[in-house]
Amino acid sequence: MQALTCARCGVRIQPGRYCPSCSVLLCGACARESKCPADGRDLRKLRGSGVFLLVLGVALYGFALFSVTLELQSYERASFPTTSIANVVSGTTVKISGTIEASGLVAIELRGSGNDHYWAVEPFNLTDGTGSLYVDVTQVQGSTSFWVIGRGLHGDDWWDGDAASIIGHVAVFPNATTYIVAQFIARTPNGFAGSGFPSLLFASVATVAVIGGSIGFVRFRHSLSRHRQGSATYMAKVQDWRACGECGELVSLEAQNCPSCKEIIPRVSRSLSELPTLQLATKFGQRSLRERVAVIVLGVILPTFLGAVFLGIIRVIGLERSLQPSLLLLPIFAIVSAIVFASRFFFPTRIKLSPELIVCRKVLRNVSILTREVDRILTIQKGNRQAHLFITRGDQTVGFGPGMAQADFEASRAWIRILAEATGNRYRENVPLAEALSFLRQREPVRQ
Ligand SMILES: [Zn+2]
Ligand SMILES: [Zn+2]
Ligand SMILES: [Zn+2]
């Protein structure tokens, strides 16, 4: 994709500051005080690209689809015909309806609370006008699902004498009496059907997210294409200017002092072509002991432990019952932790410094900036850790340091000294973190 550039000065930028009347994007140096230099209009922030909402919407459609599958199965169970108890045949799956005859008052009890509820079921008989059948409850015992056992009349519980409808497999005891192995229990023969509400909810939220995301995405793309057209005819163009390294004001290449902050502007004394090309990489072994321990614990040991715990739970209570939100957090957290920590630190970050480009390649992300557009160079110091930071006039940033061999870090420092002279920038060397942050904040354009 073609790089996005400031309509006024042509540096590469991130999409952000937008003049609605000129339909162009500007860099922070050109859009000082959040005003368009061509017509003085207040700039507004270009809204997000809508991609996040689109992804969220698609994920929610996944949930909706899953939910619809469960609903369809429940409608199938609801429409299954009822057999009278006198007519059940062993070896078949039937639906019977009648009254619970239990030895105690409570036949089916909902135990636990919140996400940890489960059904505790006493064996009982189901009786209709034609006969009575023993109900084997082993398959539904301990179930956590309201699809398997619906909510009863007495604070969710089911009592002796309540009406019930059961779908199950008919089997025969050695003494030739038939019984039913219950698979699903509902209050009425039609009561197996879900309300359809969760599917509807997921589908509507997903639709809203996808529509919102699409509108955002289209508007964003539209703004970018208007920016490309508007840039060609933008009135307040500047050429051969650069930003003052202290305050960010645009100054001419010949200026000796910044008209805004009065600071002396360093002269350009060398050429970018004098810069050598350096290829550097971080190594896990070069990181501090504390960092290495943290990565191994959070990126390897913890995920392995959580994964093992989850597999153990599956072995004990079965896969089906393990697939509930509170338990699924274990593998999800394990995977996220492994990706975030292990991938970031075990795999090297590769840095290429050349007269044309500064490139930083990480596992999941590549960043590159034009060397000639750099207008702030810092080496930030925190304790005994150091990092180089390059920022362009268009606020694009590349930073590196931790995990790099000392010799490589010093080689890049020598490279930076040449860069500072070749671009006429002040190299801020070994700045404490707090001071660096206040310098960076000072260059943020004034918001409306
Ligand atoms: Zn600009
Ligand atoms: Zn404008
Ligand atoms: Zn200045």
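## Strands β5 and β6

In this predicted model, strand β5, residues 106-111, runs antiparallel to β6, and four bridges hold the pairing on record between the two. One spot to look for along this pair is E109, which sits opposite A120 of β6.

The pair belongs to an open sheet of three strands, ordered β6-β5-β9 and paired in the antiparallel sense. Which strands stand at the edges? Those are β6 (118-121) and β9 (158-159). Each of them has a single partner strand, so one side of each goes without a neighbour in the sheet.

## Helix α6: length

Now over to α6, the helix covering residues 406-423.

## Helix α6: two faces

Which residues of α6 are buried? They are I416, L419, A420, A422 and T423. These residues take up an arc of only 155° around the axis, which means they lie on the same side of α6. That buried set packs against three strands: β18 (374-382), β19 (385-392) and β21 (427-432).

## Leaving the helix

Just past the end of α6 comes G424, with a positive phi of about 70°.

Notes:
Residues are numbered from 1 along each chain as its sequence is written. Chains are lettered from A and ligands numbered from 1 in the order in which they are written. This is a predicted model: local features need pLDDT of at least 70, side-chain atom pairs count only at pLDDT 80 or more; totals for chains, interfaces and linings use all residues. The expected span of a helix is 1.5 Å times one less than its number of residues. A residue is buried if 20 or more other C-beta atoms lie within 10 Å of its own, exposed if 12 or fewer, and partly exposed in between; C-beta atoms are placed from the backbone. The arc is that of the directions from the helix axis to the C-beta atoms. Two residues are in contact if their C-beta atoms, placed from the backbone, lie within 7 Å. Two strands pair if DSSP finds at least two bridges between them.
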